[in-house]
Amino acid sequence: MSRASIPKHYSRILQSWPKDPLRPEVSFQKVIERRLAAAQTVSPESEATELRNINALYSLLDNRYRKKYPAPARLFKPTSNPAYYDDLIHELSQAPNRSWLQRFMTKLKGTIRLS
Amino acid sequence: MASKNACKVCLRALRNRSPQSIQSHPISNSRLINIYHPSTSISIRNFSRNSRFQAVPEVTSTDNQEPANPLAKGDLLKDAPTAISLAKQLRKRATGATETYVAYGSTEALFKICAQQADYDVPQVKEKVPTPISESGEELGVGEGWWYKDVYLTPTFNTWAQVTFLHMYILTVRFRLFPPDHAPSWHQHLLDHFFFEAERRMTELHGLVSGGVRARYLKDLFIQWRGILAAYDEGLVKGDAVLAAAVWRNIFKGAEDVDAVAVAMIVSYLRREVSGVAGLTDEEIASGIVEFGSPMGERNVVLMESHLMKTID
């Protein structure tokens, strides 16, 4: 019975896994898709391994480790540069949507430091 | 210690000792001689320790018949030679200028701990026979430890670099919490130590004689390091799935047949160590003694059944 549910688990994981617009050519979704395809023919020995893998992927989706080992809030506002993580996340969200010219100008500005 | 030129401190201790004090504290006396023996190479790093490290006072002049109190706070530098006390003064008066030297020494110790996590050796170099090459074209070494024996990563230079990057990242996250004047030197020195060691390995273990070839690889490694910082920081903020994807891309090189349990163990280990170093004080980090455990301890956490397994229709 659990063997039939393996493809269902993988489809569910595939839907919930966060998409990565910054790295379109290397996506973890491909791993899950490959597993999904291979799950149609799964042998009894590898069934236990597959279920363990599925469980691990669920635990990652569930943020189990972030909840178990919470980092203190001051880690995300570091003394040496309080805006570091906010700036980084903002930059990573902007980067995929930039045109070639914008990327070029950003690179040019990065080579000059006025301090 | 049958040395012809015994040091002044040891001679004084032997001359002044009373039989009672030796018999009552044999262990503490031998430790005293170790602490007070002035070494020729003086490390300024010692002065970043705070007085948490307790000393046994009244070392050499043992006319005092009272047994020494092992829990008393003492001044380690009371009888220190001129050079050490001068260094201490300098550290006190010019903290900003001497910080970089403290950082260099401490990060060297910290980096050694990072580098030995996935240490490997290439025995063929000594035997002067050709090194075996993996399917992907990398030279194979021989390594012990969790990363090679339990996760079956190949003992190559790239694996060593990636696992070292992981541990350097944990320290980098902690260094960001240092004061704004000092943090940059800590980051820079840790990275410098990595590049020195990487180049040494390329020369000695992989026979890369040409400096130009090594420089090209080091440039690639620097780009990888910057990528690691961005990827793991993103994962630290956004969640375990993003962090797992970052670990998968970097340590497992984006392989399609990756073991998700191993990836989850590494994610759990990373988060555990990050919150671990976040709990240490600045002095403890600066003393250069940080212990990483093993990711094996996370296995039970990972294998615990998720509630999402049961709610499938």
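## Contacts around B:R271

Contact here means that heavy atoms lie within 4.5 Å. In this predicted model, B:R271 touches A:Y65, A:R66 and A:Y69 of chain A, and, leaving aside residues up to four places away in sequence, it also touches B:G235, B:L236, B:G239, B:D240 and B:L243 of its own chain.

B:R271 lies in helix 12 of chain B. With a relative accessible area of 4%, B:R271 counts as buried, because the cut-off for that class is under 20%.

## The interface of chain B and chain A

The contact draws 50 residues from chain B and 47 residues from chain A. Between them the two chains bury about 4500 Å², and 64% of this area is on carbon and sulfur atoms.

Polar and charged pairs also cross the interface of chain B and chain A: the rule finds 25 residue pairs in polar contact, counting pairs in which both residues are at pLDDT 80 or more, and the count of salt bridges between the chains is three. In one salt bridge, the side chains of B:R249 and A:D20 meet with a distance of 3.6 Å from N to O.

## The side of chain B that touches chain A

The elements of chain B that give two or more residues to the side touching chain A are helix 10 (211-238), helix 11 (240-250), helix 12 (260-278), helix 14 (299-303) and helix 15 (307-310). Of these, helix 12 of chain B gives the most, with 10 residues, and helix 12 is also the element in which B:R271 lies.

Sorted by residue class, the side of chain B that touches chain A divides into 29 nonpolar, seven polar and 14 charged residues.

## Chain B as a whole

Chain B holds 15 helices and two strands. Of the 313 residues in chain B, 46% are buried, and B:R271 is itself a buried residue.

## Domains of chain A

For chain A, the domain assignment gives domain 1 (5-68) and domain 2 (73-111). The C-alpha centres of domain 1 of chain A and domain 2 of chain A lie 30 Å apart.

Conventions: Residues numbered from 1 in each chain as written. Chains lettered and ligands numbered in written order. Predicted model: local features only at pLDDT ≥ 70, side-chain atom pairs only at ≥ 80, totals over all residues. Heavy atoms only, no water. Buried area = accessible area lost by both parts, 1.4 Å probe. Salt bridge = Lys/Arg side-chain N within 4 Å of Asp/Glu carboxyl O. Polar contact = N/O pair within 3.5 Å; in protein donor to acceptor, adjacent residues only side chain to side chain. Helix = DSSP H or I, 4+ residues; strand = E, 2+ residues; numbered from the N terminus. Nonpolar A, V, L, I, M, F, W, Y, C, P; charged D, E, K, R; others polar. Buried < 20%, exposed > 50% of the residue type's maximum accessible area, 1.4 Å probe, protein only. Domains from an automatic or database assignment.
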